[in-house]
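User: I'm new to reading protein models. Could you walk me through a few backbone features and a chain contact?

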Amino acid sequence: MPDQNPLTPAQQEFERLLRGTAPSAGRLDTAAAAFNAGQRSSLRQLRVWRSATALLLITTITPHLLPIRQTTSPTPMAPTFTTLTAPEPLQPQSLLALQQSVRDHGLDGLPASHPPALQPLRAKDFF
Amino acid sequence: MSDVNHLTKLVADRSAALTLYARQWLDASSADDVLQEAVTALLMQRPAPDDPLAWTFRVIRNAAIDHARSAARRRQRERAVAATRQEWFDAQADSPLDAQSAEAALRLLSDISREIVVLRIWGDVGFTQIAEIVNLSPSTVHNRYTAALEQMRHALENPSCQTKTR
């Protein structure tokens, strides 16, 4: 890009004079710089691959190690109401009914038993 | 020619100017270290910077200023400077200007003016690029440059009256 403000001839001449003075050379080793650059670049690539592998491993394994979390928002549970109904009347022959009857009325409160009718035994039943 | 070869040749051709630029803030040893790191960083760039030379000068500038700011490094630098004093320019028999006089005249300038002169004269960097490197406007850079040239010329013509500008 050309410079917009040209220098005067005297200034240009002085520039040439200064350019004739050579700066001392340093100890720049371009081969070593290129080698180090290559080494660091390969290390950087290696780190990228290691990070990618680790990330992949984590994303693959984590779902198996952690308990499944509910992702949807929990819906409020509707309250359940239990209707209390009157207890069924006790059967007259049940144990509870008999116990209650004895407590209330004594042995007289027990209902009359109805033993099955006995059939007369006959000799031919045994042979 | 590959990018790396091209960049390597570019910095090798300008290594003296890059070294001189780094020495504006650092001793010879630290300047060499900073330059080596800057070139390594340049060769690692993918893709390469649009203006690799300006990019390298800027990296050297930032690294050298950071390096120079460290108190511990400053003490180390002072010891190194005391141990090994190295001139900025090579003494050449056929040079129209004496190396020591050129360095003395350059040292008279303010830091920013000296930086601009080094970039322009030995780095062969344009004013627009210099402006980007030193974070000034191109016109300011140009004005400082012409003033610095006048100051140096005056100092070289009158060696007895050399006073550093701040």
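Predicted model: local features only at pLDDT ≥ 70, side-chain atom pairs only at ≥ 80, totals over all residues.

User: Okay. Which residues of chain B does a cis peptide bond join?

Analyst: The general idea is that most peptide bonds are trans. In this structure, B:Arg46 and B:Pro47 are joined by a cis one, with omega about -5°. You'll find B:Pro47 in the loop between helix H3 (28-44) and helix H4 (52-69) of chain B.

User: And how do I read phi?

Analyst: Most residues other than glycine have a negative phi. B:Asp124 has a positive value, near 55°, and sits in the loop between helix H7 (111-122) and helix H8 (127-134) of chain B. Phi of B:Asn135 is positive too, near 60°; that residue lies in the loop between H8 and helix H9 (138-157) of chain B.

User: How many residues does the contact take from chain B and from chain A?

Analyst: Two residues are in contact if their C-beta atoms lie within 7 Å. Here the contact takes 37 residues from chain B and 27 from chain A. On the side of chain B that touches chain A, the largest share, eight residues, comes from H3(B). By class, that side has 21 nonpolar, 12 polar and four charged residues.

Terms used: Residues numbered from 1 in each chain as written. Chains lettered and ligands numbered in written order. Helix = DSSP H or I, 4+ residues; strand = E, 2+ residues; numbered from the N terminus. Nonpolar A, V, L, I, M, F, W, Y, C, P; charged D, E, K, R; others polar.
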